[in-house]
Amino acid sequence: MEVQHKGHDGGQTETMNILLTGGAGYIGSHTCVILLEHGHHVIVLDNLCNSKAASLKRVQKITGKNILFYQKDLRNKSEVNEILKNHSIDAVIHFAGLKSVAESVDQPLRYYQNNIDGTLVLCEAMQANGVKNMVFSSSATVYGNPSTVPIKENAPVGPFNPYGRSKLFIEEILTDLYLSDKSWNIALLRYFNPVGAHPGGLIGEDPSDLPNNLMPYISQVAVGKLPQLQIYGDDYETPDGTGVRDYIHVMDLAEGHLNALEKLASDPGLVTYNLGTGKGYSVLEMVTAFEKASGKQIPYKIVGRRPGDIPTCYADPSFAEKELGWMARRGIDEVCADAWQWQYMNPKGYV
Ligand code: NAD
Ligand code: WQD
């Protein structure tokens, strides 16, 4: 099948002014690189509650382009309004949100407040300023425990933690907004498991505490920051008993945002896409791939299942391929090589 990245062919859209909420974070910073490399102007709004401004300085170093950065909270109505008023924004990519599943179980109100209030403030400010193009960071977590894999966009939804429900509620809010005014153009992107880093080791995932997710945890074990990986269960109904996920390289994911923006420009409406690779790998397969890429041994111990975990989750990404001309090009060897380079070159993250 032919792989198309429309943006890579010189761009099919005019240069745009794009506002990235949460643009200093992991996925946002990688998306900044892609947008800048395709000639777009990037404005970032981020309160740095889970990121560092250094990520944006590194993006500028990679691309040789400038980013306009506002260290602001998305829930601040007047400031968000000012930014939209002053920059003739063409489209918004809405990454800003809190994303830890475990934290959301302990602090549901903080999660709903931040993620949902932030989105409402953003939408009101967009509406007030006539900006109606939005790409939203949703998550495969909205599917809960899928009854079949690969998962299509029309599969039943049913997240079972406050973080996942905040994503589903936002999808519903954006759908209601679109139904009330069809001049809105909205892409709901359901990411699977974003991993890896920009090649070159300048930007990557920099968890502020102990990593919650598998790949940053493995990376920190490999670099000697953590003693060993705990594998949450080897008794799932999967080929080797460990959980199976769809690990998508963050650069592939970042490119998907450009394709989604181009699609909204040429074929408006509201639409949902799975952004995944379509392949599932087990925890043990990821450990082996990382050992190969890094040349380091990853000590691990099998422990009990993590509450709320599901056995298997991977995407059917064919709708995104058909409509966006997008598919993931990078496999797990590239994921692990790039994640390792970032970790090795920045053992303490952006410090
Ligand atoms: P991240 O934490 O690195 O980035 C999110 C950014 O939003 C951070 O820079 C944070 O400082 C900012 N932010 C949070 N609340 C804010 C507020 N009120 N005002 C301004 N800025 C605020 O996370 P990420 O991994 O880059 O994820 C980006 C988006 O993608 C999030 O919405 C997340 O829920 C979603 N997502 C992430 C994953 C994943 O595994 N990384 C998977 C699916 C969906
Ligand atoms: C992957 C596999 C674990 C850590 C989470 C969120 C989801 C989305 C992506 C935002 C599972 C196993 C993990 C460890 C392990 N985020 N594991 N030891 O759980 O698929 O998805 O991140 O939207 O909402 O739930 O990703 O990386 O945490 O786990 O054995 O130390 O690795 O059990 O099988 P998950 P993950």
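Predicted model: local features only at pLDDT ≥ 70, side-chain atom pairs only at ≥ 80, totals over all residues.
**How α7 and α11 pack**

- Two packed helices are described by the angle between their axes and the distance between the axes.
- Here, α7 covers residues 214–222 and α11 covers residues 332–345.
- Their axes come within 10 Å and cross at roughly 55 degrees.
- The crossing of α7 and α11 is right-handed.
- On the α7 side, the residues in touch are Met215, Ser219, Gln220 and Ala222, and they meet Val335, Cys336, Ala339, Trp340 and Gln343 of α11.
- Sort the residues of this α7–α11 contact by class and you get six nonpolar, three polar and no charged ones.

**How α9 and α11 pack**

- Helix α9 (residues 283–294) also packs with α11, at an angle of about 55 degrees and with the axes 8 Å apart.
- That angle makes α9 oblique to α11.
- This crossing, α9 past α11, is right-handed.
- From α9, the contact uses Met286, Ala289, Phe290, Lys292, Ala293 and Ser294. From α11, Ile332, Asp333, Cys336, Ala337, Ala339 and Trp340 take part.
- By class, the α9–α11 contact has nine nonpolar, one polar and two charged residues.

**The cavity**

- Rolling a probe the size of a water molecule over the atoms shows where empty space is left.
- Searching the whole structure turns up one cavity of 30 Å³ or more.
- The largest cavity has a volume of about 90 Å³.
- Which residues line the largest cavity? They are Tyr26, Val195, Gly196, Glu205, Met215, Pro216, Ser219, Ala339, Trp342 and Gln343.
- Helices α7 and α11 turn up again here: each supplies at least two residues of the lining.
- Among the lining residues, Met215 and Ser219 are also α7 residues that meet α11.
- By class, the lining of the largest cavity has six nonpolar, three polar and one charged residues.

- The lining of the second largest pocket splits into six nonpolar, four polar and five charged residues.

Terms used
Residues numbered from 1 in each chain as written. Chains lettered and ligands numbered in written order. Heavy atoms only, no water. Axes fitted to C-alpha atoms, helices over the stretch in contact; angles between N-to-C directions. Helix = DSSP H or I, 4+ residues; strand = E, 2+ residues; numbered from the N terminus. Left-handed = near helix turned anticlockwise from the far one by under 90°. Contact = heavy atoms within 4.5 Å. Nonpolar A, V, L, I, M, F, W, Y, C, P; charged D, E, K, R; others polar. 1 Å grid on protein atoms, 1.4 Å probe; cavity = no way out; pocket = protein on both sides within 12 Å on 5 of 7 lines; lining within 4 Å. Points joined across faces, edges and corners; volume = space filled by probe spheres on them. Parallel < 35°, antiparallel > 145°, perpendicular 65-115°, else oblique.
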